[in-house]
Amino acid sequence: MQHVSKLPDVGTTIFSVMSGLAKQYDAINLSQGFPDFDSDQKLIDLVNQAMNSGYNQYAPMSGNLELRQTISKKIGTLYDTFYHPENEIMVTAGATQAISTILATFVKPGDEVIIFKPAYDSYEPGITLNGGKAIPVQLHAPDFSVDWDVVRQKVNERTKMVIINTPHNPTGMVFSKEDMLQLQSITRGTDIIVLSDEVYEHMIYDGEKHQSACLFPDLKSRSFVVASFCKTFHNTGWRVGYCCAPKALMELFMQVHQFSVFCVHHPTQKGIADYMQEPEHYMGLSSLYQQKRDLFLNLIKDSKFSFKPSKGTYFQVLDYSGITQEYDLNYAKQLTKDAGIASIPLSVFNENNLDYKMLRFCFAKKDDTLKRAAEILNTI
């Protein structure tokens, strides 16, 4: 008997490849997006306290009610809009599970989903698994802005969904208010669903404001907003996120969610709910990470790498075209093996592996780690 893969063209993810090489060659790992510093001990204590207080059985399918109420309050404070905690907010096993479930809920064979490349690598496989077709719109270096005329040309009667990611991984760009208004205009009067991946919402720099899809009424009416506690609270291994959407959309989401995950680790939800009662635990992230971005870039300002400072996320793209014309995947591997620093090549996220001679570096690291990384980059 022979079995055929539903994803025949998907191999090992670039994150696993580069992290594996970093471990093999004892390189500084600025490839995969996780901090090398610990979560706040207070949060860990609150999760332990929840365990000791009996929060060890199934959580409600939509998530711990206190956490959903806290999410609703946070969104109201930041974006002056309301999601009902009882039927418009769902706690998920990380943002990726939310994205996967949204795609499984709405994408059917023959449907088209517009994505912006370079795109986070879970989008396209999720579309394919549900019989849909990813329709790429390539963002072009160095600013990676969206050509909305191209988007309009891609929209047709088969367009089921548009996926956006702001702040954007891997480039660090952010969607402006004008971008969101353009998206709202394009989708108005259609049945197109917008999946707005906003996991880096609290990491945005230089006085910019995060333009969430929920800020724009018509866009909000057709959107799922996806977020992550793991990115926000420096614990990527906990896998707790959430999504918000109007009741009619969330009811459809729930039908699929209940048979895939049902619910998420209960004591962690309770601990996060308690921790979020102090908003400074997430409101200070932009300042923290801008300091790290600025430290990293100041340390390498005289290197042969060129860059535009990241506007959001905890990733910085560096242009190495002044050093070599080597294909970015090969160069990333070379730097890991020979120089002792691991990064992520952008071409793996682009249409047809388009190579801009750019590498992505994660600056969610201790200052000492960034200093040691800069010393290496300055010698290249």
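Student: What makes the crossing of α4 and α10 right-handed in this predicted model?

Tutor: A crossing counts as right-handed if the near helix is turned clockwise from the far one by less than a right angle, and the crossing of α4 and α10 is right-handed.

Student: Why are α4 and α10 called roughly perpendicular?

Tutor: Helix α4 (residues 94-106) and helix α10 (residues 247-260) pack at about 110°, their axes 9 Å apart. Angles of 65 to 115 degrees count as roughly perpendicular, so that's the label for α4 and α10.

Student: Which residues meet there, and what classes do they fall into?

Tutor: From α4, Gln97, Ala98, Thr101, Ile102, Ala104, Thr105 and Phe106 meet Leu249, Leu252, Phe253, Val256, His257 and Ser260 of α10. By class, that contact has eight nonpolar, five polar and no charged residues.

Student: And how do you know whether α1 is parallel or antiparallel to α14?

Tutor: Check the angle: the axes of α1 (residues 14-24) and α14 (residues 328-339) cross at roughly 25° and come within 9 Å. Under 35 degrees counts as roughly parallel, so α1 is roughly parallel to α14. The contact of α1 with α14 divides into seven nonpolar, one polar and two charged residues.

Student: How do you know that the buried residues of α7 line one face?

Tutor: In helix α7 (residues 177-187), the buried ones are Asp179, Met180, Leu183, Gln184, Ile186 and Thr187. Viewed down the axis of α7, they fall within an arc of 165°, so they line one face of the helix. Their cover includes α6 (148-154), β5 (159-165), β6 (193-197) and α8 (217-220).

Terms used
Residues are numbered from 1 along each chain as its sequence is written. This is a predicted model: local features need pLDDT of at least 70, side-chain atom pairs count only at pLDDT 80 or more; totals for chains, interfaces and linings use all residues. Side-chain values use heavy atoms; hydrogens and water are left out. Axes are lines fitted to C-alpha atoms, for helices over the stretch in contact, and angles run from 0 to 180 degrees between N-to-C directions. Helices (H or I, at least four residues) and strands (E, at least two) are DSSP runs, numbered from the N terminus. Angles under 35 degrees count as roughly parallel, over 145 as roughly antiparallel, 65 to 115 as roughly perpendicular and the rest as oblique. Ala, Val, Leu, Ile, Met, Phe, Trp, Tyr, Cys and Pro count as nonpolar, Asp, Glu, Lys and Arg as charged, and the others, Gly among them, as polar. Buried means under 20% relative accessible area, exposed over 50%, partly exposed in between (1.4 Å probe, protein chains only). The arc is that of the directions from the helix axis to the C-beta atoms. Contact means heavy atoms within 4.5 Å.
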